[in-house]
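Please read this briefing alongside the sequence and the 3D view.

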Amino acid sequence: MTGKPILLADDHPLFRAALRQAVQGAAPERQVIETSSLGEARAAIEARGPGLLCLDLHMSDSDGFAGLIALRQEWPALPVAIVSGSEEPGVARRAIAFGASAFVPKSLDVDDIRAAIAAVLDGETWTPANFEEAGDAEEAALAERLASLTPAQLKVLLHVRAGLLNKQIAYEMSISEATVKAHMTAILRKLEVQTRTQAVLAAGALIAEPDAPKDDA
């Protein structure tokens with residue numbers, strides 16, 4: 001086989017099988033690696049150096065777009081195609097704004113998914129035919145500000161969104177409260193907000209529309 005492998009990260013076995021079929025049709029010479037969690041995907045990226053990641057936003061250890069942002073920060077050269085059960089224009093726009101090379105609704109047929117994979121492998125950005133590029137200017141600006149957070153700042157923001165106090169965040173991240181406060185100061189500055197509540201509201205942009213309930217039967 002030639003070319004770097006293609007990594008699939010999705011915890012729905014039936015869709016993962018359909019995605020494998022599409023990927024193998026688009027790039028039959030590439031090895032396909034399957035994972036079912038964000039943690040497994042990270043380990044596979046480190047060990048195998050894939051040429052493309054097809055990423056589901058709703059795995060057990062994912063947190064909406066936070067996983068995408070973190071992956072793009074750690075492996076900026078790795079193209080990521082988001083595969084999602086959502087078809088909301090805002091979700092698609094945010095996926096691209098946060099650095100995805102493609103937004104692929106799971107409702108597409110195999111031929112369209114194959115076309116999306118082939119386009120990304122050719123270095124292009126792919127979106128559905130009904131993709132609405134024009135969105136709210138503030139939406140785009142907020143996505144840019146969130147993407148500017150460091151991995152540690154992003155983790156702190158997610159903990160704040162979950163309602164944790166600084167002391168609890170320090171414990172969860174094995175850092176001092178002073179470091180948490182320093183991260184919060186930087187978060188507020190980067191997000192251009194004044195309070196933790198405003199930061200939590202801004203963090204709402206990281207939430208992706210929930211996928212349809214999964215049925216593996």
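This is a predicted model: local features need pLDDT of at least 70, side-chain atom pairs count only at pLDDT 80 or more; totals for chains, interfaces and linings use all residues.

Residues are numbered from 1 along each chain as its sequence is written, and side-chain values use heavy atoms, with hydrogens and water left out.

**Sheet**

- Five strands form an open sheet in the order β2-β1-β3-β4-β5, paired in parallel; strands (E, at least two residues) and helices (H or I, at least four) are DSSP runs numbered from the N terminus, and two strands pair if DSSP finds at least two bridges between them.
- The edges are β2 (32–35) and β5 (102–105); each has a single partner strand, so one side of each is left without a neighbour in the sheet.
- On average, neighbouring strands are turned by 20° against each other, direction ignored; axes are lines fitted to C-alpha atoms, for helices over the stretch in contact, and angles run from 0 to 180 degrees between N-to-C directions.
- Four parallel bridges join β1 (residues 6–9) to β3 (residues 52–56), and C54 in β3 is the bridge partner of L8.
- β1 also pairs with β2 in the parallel sense over four bridges, where L7 stands opposite I33.
- The β-α-β crossover from β1 through α1 to β2 is right-handed, meaning that with the strands pointing away from the viewer the path from the first strand over the helix to the second runs clockwise.
- Both faces of β1 are covered, with I6 and L8 buried on one side and L7 and A9 buried on the other; buried means under 20% relative accessible area, exposed over 50%, partly exposed in between (1.4 Å probe, protein chains only).

**Helix α1**

- Helix α1 (residues 13–26) lies across β1, β2, β3 and β4 (80–84), and runs at about 165° to β2.
- V23 is found in α1 and is buried, with a relative accessible area of 0%.
- Leaving aside neighbours within four places in sequence, V23 is in contact (heavy atoms within 4.5 Å) with I6, L8, V32 and I117.
- V23 and A116 are 93 residues apart in sequence, with their C-alpha atoms 9.4 Å apart in space.

**Nonpolar cores**

- The largest nonpolar core has 50 residues, of which L53, L55, F65, I82, L146, L157 and L206 touch the most other members; such a core is a set of buried Ala, Val, Leu, Ile, Met, Phe, Trp, Tyr and Cys residues joined through side-chain atoms within 4.5 Å.
- A second, separate core of 20 residues includes I6, L19, V83 and I113.
- Not counting residues up to four places away in sequence, L206 touches residues including F65, L146, L157 and R161.

**Helix α7**

- In helix α7 (residues 151–161), the buried residues are Q153, L154, V156, L157, L158 and V160.
- These buried residues pack against α3 (66–74), α6 (137–147), α8 (166–173), α9 (177–191) and α10 (196–203).
- G163 follows α7 and has a positive phi, near 95°.

**Loop residue S86**

- S86 sits in the loop between β4 and α4 (89–97) and is buried, with a relative accessible area of 4%.
- The S86 side chain reaches the backbone nitrogen of E88 at 3.1 Å.

Note on methods. A polar contact is a pair of N or O atoms within 3.5 Å; within protein, one must be able to donate a hydrogen and the other to accept it, and residues adjacent in sequence count only if both atoms are side-chain atoms.
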